[in-house]
Amino acid sequence: MNPTPEWLEDAALQRWWDIVDSAGGALRMVGGCVRDFVMQRATTDWDAATTLLPEQIMELASTHGIKAIPTGIAHGTVTLVLGSHILEVTTLRRDVETDGRHARVAYTDSWEEDAARRDFTMNALSMDRNGTVHDYFGGIGDAMAGRVRFIGDAQARIAEDALRMLRYFRFLAHFGRGRSDAAALTACGKHASKLTRLSGERMRRE
């Protein structure tokens, strides 16, 4: 495996990292781009997490002439246009309350807390600007082995958001190899009726 992905050296991305660093914040790439790097797959999606608040991100982008779109600012997400790339930047979060469809979140400064609210171990990886991959839940091993595994208890994670059942089977089709995770399959079977509570829009998007 290459020591760092080529996209990490992108000049516009590195400039944004400099801006965040100079403001006293921290930034890591997260989610699919890190997972795809570990699995040696091409990636087109750029997502990042940061300790800065969304209002700070908007202000910094404005100050430095970077186009910023408050796509999900109520939930901590700002979309930045960095050259020819789109970067979604989300403030570190932790779940406060969930009802099976929606989560109420609060900001945090803990990278592990933010990683813990993600669905699968392979999606909870983060990468700093030096190319170091931070793995709190065994996601590197799972990604390389093609194991789609929920973080923590599968039934609890599905109870938090029933859409994760559809995500599980989508990820299994795209990334899975070998036998499926027995705990995940059992949990999906137990909670399958909860899919009827989801909106058609969320199901179509998934």
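Student: Which residues are exposed on the other side of helix 8?

Tutor: This is a predicted model. In helix 8, Ala182, Gly189 and Lys190 are exposed.

Student: Which residues of helix 8 are buried?

Tutor: Helix 8 covers residues 182-191, and Ala184, Ala187, Cys188 and His191 are buried there. Viewed along the helix axis, the buried residues stay within an arc of 100°, so they line one face of helix 8.

Student: What do the buried residues of helix 8 pack against?

Tutor: Their packing partners are helix 6 and helix 7.

Student: Now the charged pairs. How many salt bridges are there?

Tutor: A pair counts when a side-chain nitrogen of Lys or Arg is within 4 Å of a carboxyl oxygen of Asp or Glu. By that rule the model has nine salt bridges.

Student: What does the salt bridge between Asp119 and Arg167 tie together?

Tutor: Start with the distance: the closest N and O atoms of Asp119 and Arg167 are 2.5 Å apart. Asp119 counts as buried because its relative accessibility is 8%, and buried means under 20%.

Student: How does the pair Glu160 and Arg157 sit in helix 6?

Tutor: Glu160 and Arg157 are three residues apart in helix 6 (residues 154-160), which means that about one helical turn separates them. Their closest N and O atoms are 2.8 Å apart. Glu160 is partly exposed, at 22% relative accessibility, whereas Arg157 is buried, with a relative accessible area of 6%.

Student: Which residues do salt bridges with shared partners join into one network?

Tutor: That network consists of Asp18, Asp21 and Arg129.

Student: Are Arg35 and Asp36 buried or exposed?

Tutor: Both Arg35 and Asp36 are buried. They form a salt bridge, with 3.2 Å between the closest N and O atoms.

Student: Which element gives the most to the lining of the largest cavity?

Tutor: Helix 4 does, with three residues. Among the lining residues are Val30, Trp111, Asp114, Ala115, Arg118 and Tyr136. By type, the lining divides into six nonpolar, two polar and two charged residues.

Key
Residues numbered from 1 in each chain as written. Predicted model: local features only at pLDDT ≥ 70, side-chain atom pairs only at ≥ 80, totals over all residues. Heavy atoms only, no water. Buried < 20%, exposed > 50% of the residue type's maximum accessible area, 1.4 Å probe, protein only. Helix = DSSP H or I, 4+ residues; strand = E, 2+ residues; numbered from the N terminus. Arc of directions from axis to C-beta. Contact = heavy atoms within 4.5 Å. 1 Å grid on protein atoms, 1.4 Å probe; cavity = no way out; pocket = protein on both sides within 12 Å on 5 of 7 lines; lining within 4 Å. Nonpolar A, V, L, I, M, F, W, Y, C, P; charged D, E, K, R; others polar.
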